[in-house]
Amino acid sequence: MKIFLDSANVTEVKEAASWGILSGVTTNPTLAAKEGRDFKTNIKDISALVDGPVSAEVIATARDEMVSEAHELVRISDNVVIKIPVCLEGLAATKTLKEEGIHVNMTLVFSVNQAILAARAGAAFVSPFLGRLDDIGTDGLERLSEMVETFRNYDFSTEIIAASIRSPEHVVQAAQIGANIATVPFKVIEQMVKHPLTDLGMERFLADWAALQAQLVADGVNDMETAPKA
Ligand code: G3P
């Protein structure tokens, strides 16, 4: 499963890209608003840091305006993907953009039917929102599982992005279900790498190494004698 960063923060994108785990970035208007910067400049900066798709969402609600906005956004960088909410106008805009060779990520997907329609309209990606389904007392992972199974039945080329990820456990479950991609907040990626036994193990290794150095100094052994042979 590929990992995308769900963030519009340039510092977070730069740092996550340096870890070598990043295959793309997703933004949305709420994340963009948090940055308080010109949206297009922000997307340009993010796109330059990532070797993979960067989703930028349209604000328009009518098909023609969505398409015009998409045309402006794809001019920012070759790796910009247009995020469009799943609705009838959004499907029509997606069809047009697909015919023009522009990749669309259909967002705010909460049902299998929405995902099927997005795929049929030509979306390159669909983004089911796991956390927000959980928020209303339904099972986001169950919906994701149904979408993955349905797409497999018909060999759809549309990739499923597990979105609205709230915890490392969500990522594990999305991977086991077979989502193509998980788009993960920065804080959750940091949590994914943590394990108390890793921290304890590192502490012990460093303590044992320090004890050895102290012993060698006490024994009057030269540092070079313990250096690895070239
Ligand atoms: O990728 C979608 C994500 O940004 C929404 O997450 O936590 O606001 O539901 P959340």
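**Reading the ligand site**

Author: In this predicted model, the place to begin is the largest pocket, where the ligand sits.

Reader: Which residues are around the ligand?

Author: The shell consists of Asp6, Asn28, Leu31, Phe129, Arg132, Ala163, Ser164, Arg166 and Thr183, and sorting these residues by class gives three nonpolar, three polar and three charged ones.

Reader: How far from an oxygen atom of the ligand is the polar side-chain atom of Asp6, and what is the distance for Arg132?

Author: A polar contact is read from a pair of N or O atoms within 3.5 Å. For Asp6 the distance from a polar side-chain atom to a ligand oxygen is 2.6 Å, while for Arg132 it is 2.7 Å; an N or O atom in the side chain of Ser164 also lies 2.6 Å from an oxygen atom of the ligand. Of the 310 Å² of accessible area that the ligand has on its own, the protein covers 81%.

Reader: How many helices and strands does the protein chain have, and is the chain compact or spread out?

Author: The protein chain has eleven helices and eight strands. Its radius of gyration is 22 Å, well over the 17 Å that the globule rule gives for 230 residues, so the chain is more spread out than a compact globule. Along the principal axes, its C-alpha atoms fill a box of roughly 80 × 40 × 35 Å.

Notes:
Residues are numbered from 1 along each chain as its sequence is written. This is a predicted model: local features need pLDDT of at least 70, side-chain atom pairs count only at pLDDT 80 or more; totals for chains, interfaces and linings use all residues. Side-chain values use heavy atoms; hydrogens and water are left out. A residue is near a molecule or strand if one of its heavy atoms lies within 4 Å of it. A polar contact is a pair of N or O atoms within 3.5 Å; within protein, one must be able to donate a hydrogen and the other to accept it, and residues adjacent in sequence count only if both atoms are side-chain atoms. Accessible areas come from the Shrake-Rupley method with a 1.4 Å probe; for residues, only the protein chains shown count as cover. On a 1 Å grid over the protein atoms alone, a cavity is a set of points where a 1.4 Å probe fits but cannot get out, and a pocket is an open set with protein on both sides within 12 Å along at least five of seven lines; lining residues have an atom within 4 Å of a point. A molecule sits in a cavity or pocket if more than half of its atoms lie within 2 Å of its grid points. Ala, Val, Leu, Ile, Met, Phe, Trp, Tyr, Cys and Pro count as nonpolar, Asp, Glu, Lys and Arg as charged, and the others, Gly among them, as polar. Helices (H or I, at least four residues) and strands (E, at least two) are DSSP runs, numbered from the N terminus. The radius of gyration is taken over C-alpha atoms; the globule rule is 2.2 Å times the number of residues to the power 0.38.
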